[in-house]
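Me: Hi, I have a chain open here and would like to go through it slowly. Could you help me read it?

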Amino acid sequence: MTVTSEVPPAKTDPRAVLSWALFDWAAQPFFTLITTFVFAPYFASALAATPAEGQALWGYATAAAGLGIALTAPVLGSVADATGRRKRWILVFSIPFVICCWAFWEAAPGSAHGILIALVAFGIGTFCIEVATVFNNAMMPSLVPPERIGRLSSFGWAMGYASALITLLITLGFLAASADTGKTLLGMTPLFGLDPATGEGDRASGPFSALWYLVFALPMFLFVPDVPHQASLGPAIRAGLNSLKASLAQARSNRNIFRFLLANMIFKDGLVALFAFGGIYAGGQLGWGAIEIGTFGIILTITGTLGLVLGGPMDDRFGAKPVIVFALVVLMFCGLGMISIDKDTVFFVVRTAAAPEGALFASLPEQMFIGLGAVIGAVSGPLQASCRSLLVRLAPAEHMTQYFGLLALSGKVTSFLAPLAVGIVTSLSGSQPAGMSVILVFFGVGLVLLLKVREREMA
C-alpha cells in the first residue's frame with residue numbers, strides 16, 4: 001500500500017487555520033478547570049476521605065491515563081497515517097470525552113459511587129482528549145507553508161491560553177463558590193442556584209467543559225481539510241502497525257530525532273512536576289490559600305498568552321530549537337529564584353520586612369514569587385509550542401501523525417519520574433526547596449541533549 005505524502009499548501013486558508021486553532025480553545029477547559037484549578041481540588045477536599053488520599057487517587061488516575069496514551073497514541077497515529085484521515089479519529093475520541101466531562105456532575109459528596117465516577121471520568125477523559133490532540137497536531141503541515149509552522153503552533157497554544165483564562169474567570173467568578181461564604185471569587189451568589197455546600201459549582205465545571213468543547217470544536221470538523229482517504233481500515237491497521245515498527249526502528253537509528261524525543265521526555269517531566277507542585281510549594285512556603293493560588297494561576301495564563309504572541313514569530317525567524325533552548329535556560333534561572341524564597345526570605349539568606357496583615361501579595365517574597373512565576377508562564381507556552389513545530393522540521397511528512405504519537409509517548413512515558421524524585425528528595429531532606437531543586441536537574445539534562453539536535457531549515 002502506498003502512503004501519499006501531504007503537500008504543504010501554496011496559500012493559507014485563514015478560515016481553516018482559525019478552525020484548527022479553535023480545537024485548542026475547545027479542549028483547554030478540561031485541563032484548566034478539571035485537572036488543575038477547580039474539580040481536582042474539589043475531589044481532594046470534598047469527595048476523598050482526606051486530601052492526601054484524594055491526591056493519591058488522582059495521581060493513580062493520571063498515571064493510568066498516561067500509560068494508556070503512551071501505549072496507544074503511536075499505534076493510532078500510524079493507523080491514521082495509513083488511512084489518511086485524522087478528523088474521523090478525532091470524532092471517535094471526542095464522543096467519550098464529552099460524556100466523561102458531563103459525568104463529573106454526578107460525582108456529588110456522599111454519593112456511593114462519586115469517587116469512582118470522578119476517577120473513571122478523569123482517566124478516560126484525559127486519555128481521549130490527549131489522543132485527539134495528537135491527530136489535531138498532525139494536520140499542521142497541510143494548513144500553512146513550512147515557514148509558518150512555528151507561528152501556527154504558537155497561535156494554537158495562544159488560543160488555548162486565552163480559553164483557559166476566560167473559562168477560569170467564568171467558573172470562579174460566576175459558578176464555583178466558597179462553602180464558607182457562599183460567594184464566588186467576584187463576591188456573587190452562584191448562577192443557576194448552584195449550591196456551594198454540595199460543590200455544585202465545582203462539579204458544573206464538567207458539563208461546562210463539555211458544552212465549550214461541543215461548540216468550539218465544531219469548526220475544525222467543518223472547515224479544516226483532511227487528507228484524502230487512502231485505504232480501508234483493515235489493511236490500514238496492518239500497514240500502520242508495520243509502519244510503526246519501522247518508525248520506532250528509524251527513530252532509534254536516526255540519532256537526531258531520537259535525541260530530540262529523549263530531551264523532550266526529560267524536560268517535559270520537569271515541566272509536569274513544576275506545575276504539579278507549584279501550588280503546593282506556594283502554599284507551604286508562602287502560606288497562600290485558594291484565592292492567592294487561583295489568582296496566581298490567572299497571572300500565569302495571561303503571561304503565557306503574551307509569551308506565545310512573541311514565541312511564534314521568533315520560532316519562524318530563528319528556528320524552534322533556539323526558542324526551546326532559551327525557554328529552558330529561563331526556566332532554570334527562574335526556578336532557582338523561586339526555591340530561594342519563603343515567607344520571610346529571598347535569595348535564600350536575605351530577610352525581608354513583614355507584610356501588612358490581610359493584604360494580598362504585599363510582601364517582597366510574594367511579589368518576587370509572582371514575578372518569577374509570570375516569567376515562567378511566559379516561556380512555558382513557547383517551549384511547548386516550539387516542540388511540536390521542531391518535530392515538524394525533523395520528522396518525515398508521510399509519517400507525521402505517527403511521529404506526533406511518538407512525541408506524545410516521549411512526553412508521557414516517564415512523566416511520573418520528576419514528581420517521584422521531588423517527593424523522595426523532599427521526604428529525605430524535610431525541605432520543600434530541596435525537593436523542588438530536583439526539577440532544575442531535569443531541565444538541565446534535557447537542555448544538554450537538545451543542544452545536540454540539528455534543526456533543518458524549512459524550505
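Me: Let's start with S209: is it buried or exposed?

Reply: S209 counts as buried because its relative accessibility is 1%, where buried means under 20% relative accessible area, exposed over 50% and partly exposed in between, with a 1.4 Å probe and protein chains only. Please keep in mind that this is a predicted model, in which local features need pLDDT of at least 70 and side-chain atom pairs count only at pLDDT 80 or more, while totals for chains, interfaces and linings use all residues. Residues are numbered from 1 along each chain as its sequence is written, and side-chain values use heavy atoms, with hydrogens and water left out.

Me: And what does S209 touch?

Reply: Leaving aside residues up to four places away in sequence, S209 touches P29, F30, L33, I34 and C101, a contact being heavy atoms within 4.5 Å.

Me: C101 is a cysteine, so which cysteine sulfur is closest to the one in C101?

Reply: The closest is in C100, but at 7.2 Å the two sulfurs are too far apart for a bond, since a disulfide is counted as a pair of cysteine sulfur atoms within 2.5 Å. By this rule the count comes to zero disulfides. C101 is itself buried, because its relative accessible area is 0%.

Me: Back to S209, which helix is it in?

Reply: S209 is found in helix 8, which covers residues 205-223; helices (H or I, at least four residues) and strands (E, at least two) are DSSP runs, numbered from the N terminus.

Me: What about L214?

Reply: L214 also lies in helix 8, but it counts as partly exposed because its relative accessibility is 46%. L214 forms a nonpolar patch on the surface together with W102, L211 and V215, and helix 8 supplies the largest share of that patch, three residues.

Me: Changing topic, how far apart are the end C-alpha atoms of helix 13?

Reply: They are 44 Å apart, which agrees with the 45 Å that its 31 residues, 364-394, should span at 1.5 Å a residue, because the expected span is 1.5 Å times one less than the number of residues. Helix 13 is also largely enclosed by the rest of the structure, because 26 of its 31 residues are buried.

Me: And how many helices and strands are in the chain?

Reply: The chain has 16 helices and two strands. Of its 459 residues, 56% are buried, and among contacts with a separation of 6 or more, 82% are between residues 24 or more positions apart.

How values were computed. Patches are made of residues with over 30% relative accessible area and no salt bridge: like charges are joined within 9 Å, nonpolar side chains (Val, Leu, Ile, Met, Phe, Trp, Tyr) within 5 Å. Accessible areas come from the Shrake-Rupley method with a 1.4 Å probe; for residues, only the protein chains shown count as cover. A salt bridge is a side-chain nitrogen of Lys or Arg within 4 Å of a carboxyl oxygen of Asp or Glu.
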